[in-house]
Number of protein chains: 2
Amino acid sequence: MNADGAMIIFQPSRRRGEVPRGITLVAASRILGADIEALCGEKRGCGKCIVQILDGFDSTSGIESKMTHASPWQEKESRFISPSDRKEGFRLGCVAKVMGDLIVFVPESSLAGKPIIRKTARFIKIDHNPAVRPYHIQVESPSSENPTSDLERICQVLALRYGLKDLRIDLMALRQLPNALRRGNWTVTVSVWMGREIIRVQPGKGANRYGLAIDIGTTSIAGYLCDLSTMAVIDTITMTNPQIRYGEDVMSRIAYLTMHEDGLQKLSDELISGLNRLVGEAIEGTYPEENQRNEPGSPPDEKKTFPCLTREDIEDVTIGCNTAMHHILLGLDPRHVGLAPFPPVVHRSLDIKARDIGLRISPGAYVYILPIEAGFVGADNVGVLLSEEPYNSDKVQLIIDIGTNGELVLGNSKRLISCSCATGPALEGSHLTHGMRAAPGAIERIEIDPVTKEVDYKVIGRDAWRKYSAPDEMEARGICGSGVLDVLAELYRAGIITDSGAFQLEALDGHPRFRKHPETHVSEFILAFAEETRIGKNIVITQKDIRQIQLAKAALYAGCKLMMKRLGIEKADVVKIAGAFGTYVDRHKALIMGLFPHDDPDQVVCIGNAAGDGCRVALLNIQKRKEADWVARHVEHLDLALEPDFQQAFIDAMRLPGRMEFFSRNIPHPIDLTH
Amino acid sequence: MNADGAMIIFQPSRRRGEVPRGITLVAASRILGADIEALCGEKRGCGKCIVQILDGFDSTSGIESKMTHASPWQEKESRFISPSDRKEGFRLGCVAKVMGDLIVFVPESSLAGKPIIRKTARFIKIDHNPAVRPYHIQVESPSSENPTSDLERICQVLALRYGLKDLRIDLMALRQLPNALRRGNWTVTVSVWMGREIIRVQPGKGANRYGLAIDIGTTSIAGYLCDLSTMAVIDTITMTNPQIRYGEDVMSRIAYLTMHEDGLQKLSDELISGLNRLVGEAIEGTYPEENQRNEPGSPPDEKKTFPCLTREDIEDVTIGCNTAMHHILLGLDPRHVGLAPFPPVVHRSLDIKARDIGLRISPGAYVYILPIEAGFVGADNVGVLLSEEPYNSDKVQLIIDIGTNGELVLGNSKRLISCSCATGPALEGSHLTHGMRAAPGAIERIEIDPVTKEVDYKVIGRDAWRKYSAPDEMEARGICGSGVLDVLAELYRAGIITDSGAFQLEALDGHPRFRKHPETHVSEFILAFAEETRIGKNIVITQKDIRQIQLAKAALYAGCKLMMKRLGIEKADVVKIAGAFGTYVDRHKALIMGLFPHDDPDQVVCIGNAAGDGCRVALLNIQKRKEADWVARHVEHLDLALEPDFQQAFIDAMRLPGRMEFFSRNIPHPIDLTH
């Protein structure tokens, strides 16, 4: 390494590289494409560029020296950073300068461009049978003839008028009771959970009763705010899983908490604060000014009513997530889930007081946690099953939920098999040379001319494709998940790679987009030239990147193959692609690259965030909660690691199938099928 | 008032009087008999004498001036008082000087001499049927054939071997599970509450399972630490109710929280921290050095085993208390209980997670709160009923529980009536000129010679009576509850007062113990001369004091009378006296002074802290918890305030009955009948 340079690694983007010493961290982030937001133009005026220095290291000696590898603290930073945050290594990115090798964490709030997570709720039919029901009742005021207690007073009426017997009451609701009765002039609205327990008492006719269905993914979290009376989805809120700073995938987070004594506590706290922020955002969105801010330029809608919720109005929450997230959420040691035979701490669904995990909603409310299937097939997959109900269908369904992990279900009303396959995050755009999140500037669509091998592409945040734009209008920053799916199919279709994934060297010889990197000697194909990017250099796909994508898709394909073998079928009747991913996958290109074994694009449907839909179904219909426990135990789990045929199937699946019938340029541009 | 003097009121003792300005608060406490402990002899070396200045006031103008009425803060006080306590008005009593009128709170820890609360557990027969039962089980370790979860693994064994089906698990126990299983090599001890919920998991064969039965009185709190397996009472712990700083009786505490926005929170927090200290003391007592410290000089007992508990080993708690304490404990607004028709927030018994009220015991454990009968007849009275079971007896029992309030039950298996009577705290020694707590130096026994009218007495902390001692050996400081009971009977028996309670002026004329106070002109009778006291002046009983005691006993007597009338009887078959009070009351003197309507001392028994016994019964036998809810609803409640005859009965009961048959000097000294 150059003596004047320093190695910087940005998290969670994993962007890394050498930068000159003495430049600010914001400047370093530009060079490495990990853009930190600096609204004020580095005038130390906005405080947007707060970052956290996680570690200093000496890439030669390995010695850590967190403090001296960044320039000293300056008093002006105190304006934006509290003393306790300062101790944790937080700095202003426009002030702190690179003095040596560093690992720098860029919080969500400091990233330029909010991530684009497409998890809007789709329409699904749900029977209305929520866990929490309101009862509006009037009682007699106490007299010397009837001096009985407040609770017995309302319970008498609830039993007489609604047949609610043997009701329990939560302590927090009991605390609300005496003053609610008197403020409401002996009229109250009582929220009863599962017909068993009073969880809230409001004076008079309480109006607001809402629930939140939350799908916690390894990378992102989606919350659906639902009206428990009308079942309407009021808002969809998405955020990055804040645990991402402790590792991008489940195994690295489990590794973190194994290495740190307070690791589980930290990871759990981080997740819970994230969920509390999500609840906060859901509530804020119900206030008029917030609604209007969300839709700039839209005409004022007089008929629109804003419920103006408080945390107390969130009376029910359902949560689905993979097993590791599930355990961390509940503060359960997830280390054993990471080791064969991967036993979880608990399978069944759980009803937990929100306050017991620190979730700030209605103080007496419960959180329903979906059951999990097996160590590596979690509650998120149960959510998928609940919304798709393959167990109620004669047709054999193959449901592929691609997140940071791939979870598969195959079967019908006769038999259901599930498995988990380690696709890794390559399909989401991570771990590639220029992989990035789905944020503005990310290449999300690619087409390559088979003759000229010229590349056309589209970036998030700009409607016009490359060929309709001037180079400097593109401002490309990297390639995200949907672009990754395109690129392999397009490279193959254009004859740039063979069906084994290797570059066709003779065909590319002398092509301006192809070269061997002068230092690493790795072959790479240029997708966007430096002049079209914001990172000041070419955006490329390397031979190594192609192998990463092949490994991921092979894991998925082999998993499907082995499940079909187990079920004794050659082909599923229908293939459903779920996940945030599932909302933008191009079915034809998925078949070209061999993401799963199938041959008919008409039988492939994208179902969007089915795991989230399942949480929503469980929120609004308690019958589905029973179904969840049943199906979680009913699904057979296939452990790929134990299958003797897996290795061979995996190797076979590395190949690109080359289904030329899908190569016509007349296939339409992908349509979002979830709406 | 003298311009050089200042009025000081000490709380909770209510000792008040004028002291010279410029003296320290410790010196002022000596003058007024509210002794503050100063181990170091006021050398500012021990920090024992910490007091809290609640208010400064101007007794003439009524203007408050907390700050200027005590001398300024001195730096040396910081050694013992934190900045936050300083803000709350805490000072060192040996540093802070009187500069004006003040109200000063003396915390329990700063009082000279620990209070003596006699609430040891007596033997009562209890069927062993505790709420929490341990199950020691072994399970198979997970394998690829059986990779099921930890919870399902133990539930299978519990269902198969013990028939425990549909078990829930508390989140805190679930958190213990994975590591307990592995540390115990797949052998664990599972604590199951009510056959329904796993509340704790310990690795291997967990040894300790204890419970705590807590009786919360207005003035004092008693806890019985019980072995849930053997039912043995391991220890009895007593403490002053820390809420006493907010008022000595229930009504003044309710008044406090009505006047202060955070009043309920403060009172509740104070009580919960008190209970947490009580749990801490119970645990400390199980460690060897602590046991030995409790019994100085006792020979080392090799056979004695010390369980050495932790908070986690307390797996169950039962609590009984009056309605106001009950509400404050649970954070329920008690204001409405203080106003006619006195409706409580809840009657029924409650099972509450200890953590929900901040009680630090086993993290998954429940607290069982006894049901309450009516606004002013609380769960403590239900405790009395549970331990005495009048509803299972043919004999008509009159049970008198005398605490700061008097609670009465009359009846048998056919019918039960309860009532509450406002005796006020006079019977406990409060509100009298020289009333004090049962602490060293308190006069607890009195005899007066009918001829010479000379007084003999005994103080707590000294075995020898006055007539066997030199005057300066007595060090009397005041008169406590048991002395109060003696004094009225003795004054009457010795012909010093008439049956109307008035001093027999002609018989006392010129007697050295009788005088009219030169300033107040109130008649008073000297019980102990200044030379025999630590307060440097005579300890007297005034005409006003006698009236106070008469009012208290009349309330009790009239209550009994009206209940008997309601039941249509002239006399109860047996009279039971409960309460701390009940352990030292002299049955004969109680009949002489007419504490209750009865005539046969052989039918009067003292049953000690029956309310506490009832909590213990409920702790060890869940059948009694069902009985509690049944009896709480079954007892008829008599509201004395609504009885037209009460006024007349009360006036009649002021008279001393003069049952001369009990006047023999041969009656034995009172024996503690509870052992």
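Here are some notes on this predicted two-chain model, going from chain A through the interface to a few spots in chain B.

1. **Ground rules.** Because the model is predicted, local features need pLDDT of at least 70 and side-chain atom pairs count only at pLDDT 80 or more, while totals for chains, interfaces and linings use all residues. Residues are numbered from 1 along each chain as its sequence is written, chains are lettered from A and ligands numbered from 1 in the order in which they are written, and side-chain values use heavy atoms, with hydrogens and water left out.

2. **Chain A overall.** Chain A holds 17 helices and 27 strands; these are DSSP runs, with helices being H or I of at least four residues and strands E of at least two, numbered from the N terminus. Of its 675 residues, 59% count as buried. Buried here means under 20% relative accessible area, exposed means over 50%, and partly exposed lies in between (1.4 Å probe, protein chains only). Among contacts in chain A with a separation of 6 or more, 67% come from residues 24 or more positions apart, a contact being heavy atoms within 4.5 Å.

3. **A glutamine inside chain A.** Have a look at Gln550(A), in helix α13 (residues 543-567) of chain A. Gln550(A) is buried, at 0% relative accessibility. Its side chain reaches the backbone oxygen of Met654(A) at 2.9 Å. Setting aside neighbours within four places in sequence, Gln550(A) also touches Leu488(A), Ser500(A) and Gly501(A).

4. **The interface in numbers.** Between the chains, 39 residues of chain A are in contact with 39 residues of chain B. The size of an interface is often given as the accessible area lost when the parts come together. For chain A and chain B the buried area is about 3,300 Å², with carbon and sulfur atoms giving 58% of that area; the figure is the accessible area (1.4 Å probe) that the two parts lose on being put together, summed over both.

5. **Polar links and the chain A side.** The rule finds 26 residue pairs in polar contact across the interface, both residues at pLDDT 80 or more. A polar contact is a pair of N or O atoms within 3.5 Å; within protein, one must be able to donate a hydrogen and the other to accept it, and residues adjacent in sequence count only if both atoms are side-chain atoms. On the side of chain A that touches chain B, α3 (150-162), α4 (171-183) and β14 (350-353) each supply at least two residues.

6. **Salt bridges between the chains.** Four salt bridges are counted between chain A and chain B, each a side-chain nitrogen of Lys or Arg within 4 Å of a carboxyl oxygen of Asp or Glu. One to find on screen joins Asp356(B) to Arg355(A), with the closest N and O atoms 2.7 Å apart. Both residues belong to a salt-bridge network that also includes Arg168(A), Asp170(A), Glu197(A) and Lys353(A).

7. **Salt bridges within chain B.** Over all chains the count is 62 salt bridges. In one of chain B, Arg335(B) and Asp333(B) have their closest N and O atoms 2.7 Å apart; Arg335(B) is partly exposed at 32%, whereas Asp333(B) is buried at 8%. Another pairs Lys571(B) with Asp599(B) at 3.4 Å. This pair links distant parts of the chain, 28 residues apart: Lys571(B) is in the loop between α13 (543-567) and β25 (574-578), and Asp599(B) in the loop between α14 (587-593) and β26 (604-608).

8. **Two strands to inspect in chain B.** Met7(B) has Glu18(B) as its bridge partner.

Terms used
Pairing = 2+ DSSP bridges.
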